[in-house]
Amino acid sequence: MSYAGDLTPTEAHELLNASENAVLVDCRTQAEWTFVGVPTMPDARFVEWTRYPDGSSNENFISDVAGGLTPDQPIVVICRTGGRSEAAAHALTDAGFAEVYNVTDGFEGHPDADGHRSGGWKGAGLPWHQG
């Protein structure tokens, strides 16, 4: 693992609240932010890892996230279930950020046997709002 580590949604929320300069980066798509909702955290950044609807890579992801941040600032990255945010955490670490975390189970969590998502940030009852 090249990034600082994985955090549960609750651990991520605790770190974001405990650290004065920690930043949450939601790397889902604009459509997900609008139709599913977003975490409610001060100074959260919303930067697509991949673009909707074609799934193309956001070639400006690092520069879009990095503006105004220092290399030692804690960054917590979240997506829907933890896959894109893990890739983004690796990329941010490779770009020189020293303390980057991935949120396991992401914003919505993995689907259950019936295909419903009830975990992640939303399922943990952490602050969020519908876009």
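Which residue lies over the face of Phe 107? It's Arg 28, at 4.3 Å from the ring centre; such a charge counts if NZ of Lys or CZ of Arg is within 6 Å of the ring centre and within 35 degrees of the ring normal.

A quick note on these views: this is a predicted model, where local features need pLDDT of at least 70, side-chain atom pairs count only at pLDDT 80 or more, and totals for chains, interfaces and linings use all residues. Residues are numbered from 1 along each chain as its sequence is written, and side-chain values use heavy atoms, leaving out hydrogens and water.

View 1. Trp 49 is in the loop between strand 4 (45–46) and helix 3, and Phe 61 is in helix 3, so the pair ties together parts twelve residues apart in sequence (helices are DSSP runs of H or I, at least four residues, and strands of E, at least two, numbered from the N terminus).

**View 2. Phe 107 and Trp 128 make another edge-to-face pair.** Here it's 6.0 Å centre to centre and 85 degrees between the planes. Phe 107 counts as buried at 0% relative accessibility, while Trp 128, at 33%, is partly exposed (buried is under 20% relative accessible area, exposed over 50%, partly exposed in between, with a 1.4 Å probe and protein chains only).

**View 3. Lys 122 lies over the face of Trp 128.** The distance from the ring centre is 4.3 Å.

Key:
Rings of Phe, Tyr and Trp (its six-membered ring) pair if their centres lie within 6.5 Å; planes under 30 degrees apart count as stacked, over 60 as edge-to-face and the rest as tilted.
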